[in-house]
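Here is a walk through one structure, with an eye on its charged and aromatic side chains. Keep the model open as you read.

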Amino acid sequence: MSGRAIISCFSHPSTSCSIPLSRRTHFAHAPPPSPFLLSQRSRLLFAGGRGGGKVWANVKSEKNLSESPKYEDVVLQKARGEDDMEEEGKWWQVFPKRWVIVVLCFSAFLLCNMDRVNMSIAILPMSAEYKWSPSTVGLVQSSFFWGYLLTQIAGGIWADTVGGKQVLGFGVIWWSVATVLTPIAAKLGLPFLLVARAFMGIGEGVAMPAMNNILSKWVPVSERSRSLALVYSGMYLGSVTGLAFSPFLIHQFGWPSVFYSFGSLGTVWFSVWLSKAHSSPLEDPDLRPEEKKLITTSCLSKEPVKTIPWRLILSKAPVWALIVSHFCHNWGTFILLTWMPTYYNQVLKFNLTESGLFCVLPWLIMALSANVGGWIADTLVSKGVSVTRVRKIMQTIGFLGPAFFLTQLSHINSPAMAVLCMTCSQGTDAFSQSGLYSNHQDIAPRYSGILLGLSNTAGVLAGVFGTAATGYILQHGSWDDVFKVSVGLYLVGTVVFNLFSTGEKVLE
């Protein structure tokens, strides 16, 4: 029997066919099939092609299947299961949006330090080519901080009033362009290079206040240490990436290639940032309702700032504890950031490639220990330990750890042990991300961008004076003198932070 005849029997009651009467009666009294089942029957009917017996077998099997009350349920259940599996497979649709923001901030900070540390490697061939003295090298290294200093407070005000998305996006594009222009400025002359580095500092200066503003709105208190640790570990991994790839690029293509290649990456990040990021969860139309509820009920910073109570902010002792501690912390950190390759080259007698490679290890350890510290801090808070005590514990490790290991450098003659001490110093320093760097959002969540701008201004001053002073000290002293100053400031910071800081909110 042909497929056409079978179809005719279903299409009109008067159509004659060779199906037995009993089966016709069954079809006449059977309940009408659902549209879904009809689609399944049609598929089976046409699957037989032109072979009459094959089609009739399919019809018989359809009869048997239709007599089974569970057939349609099974088919529908299977279809629903396939749909559920398809939905579950789209993991990116259920990945928390707040952690998308955190990862984007992480990648911005990765680029930030890649573009910053490349000068610490490129300065070696540049100083040889242009015949710069150690004082001139220190001047070039510190010129970045001139612009970086200008936009700390301004970036915090701008982020808290306009929104962190616009400010961070501006910063990345600005410093990326300045990075690309650095080789051109160097060829034009030293003054042009100093201006280009200062311009780069202007762009990077807004990054930390803008990031702090965004995360204060997106990340609940219970995830604060982990999120900040991850973002700041982007800076450390940026140092790893910059120090690892800069020597290779310099050897293969010359020192200008470092600035051209690293600077161009900012445009890629900016395009993703524009499409994915929002300054606040309230501005994100694609945010899932359950996540929006979690964020808005947990985050304390919601309304944008209209007026800034400067007198009230500057009257609080915990604010000044942050400012002083940030200065003490950054003095040692920025010296290691900018002068470590020179130390490896001059003192440990490593060549350019070895200096870059051995500089990678401390920053890699910092990236790991920062996230370990963030996990420990959030775990302690979740178990009922006060935020104040957690912040003080983490920052004490962040101060006394580097102080101890730097004091050991003067007693070590082995290059391997010196690298180990540097690595341990940087590794313990990273616990500061769960100490003073998390404390801005604790004490003033609504003004966290401005507060970070204030304290980081002091930190930038430490970078300016510390980097330039290191060049002066090396002309008239030794590396031991450089490390003694850093150790002394670490001890001062430990005392101040433990006496005056708090984890409680002091500004509404």
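Glu290 is partly exposed, at 48% relative accessibility (buried means under 20% relative accessible area, exposed over 50%, partly exposed in between, with a 1.4 Å probe and protein chains only). Its partner in a salt bridge is Arg288, with the closest N and O atoms 2.7 Å apart. A salt bridge here is a side-chain nitrogen of Lys or Arg within 4 Å of a carboxyl oxygen of Asp or Glu. Arg288 is also partly exposed, at 25%.

This is a predicted model, in which local features need pLDDT of at least 70, side-chain atom pairs count only at pLDDT 80 or more, and totals for chains, interfaces and linings use all residues. Residues are numbered from 1 along each chain as its sequence is written, and side-chain values use heavy atoms, without hydrogens and water.

There are eight salt bridges by this rule. Asp442 forms one with Arg224, at 2.8 Å between the closest N and O atoms. Asp442 is buried, at 7%. Arg224 is buried too, at 5%. Asp442 also meets Arg391 in a salt bridge, at 2.5 Å from N to O. Arg391 is buried. Elsewhere, salt bridges link Arg98, Glu223 and Glu291 in a network.

Now the rings. Rings of Phe, Tyr and Trp (its six-membered ring) pair if their centres lie within 6.5 Å; planes under 30 degrees apart are stacked, over 60 edge-to-face and the rest tilted. The count is 17 aromatic pairs. Trp255 and Phe259 are edge-to-face because their planes stand at 85 degrees, with centres 6.2 Å apart. Both are buried. Tyr130, Trp132, Trp255 and Phe259 form one aromatic cluster.
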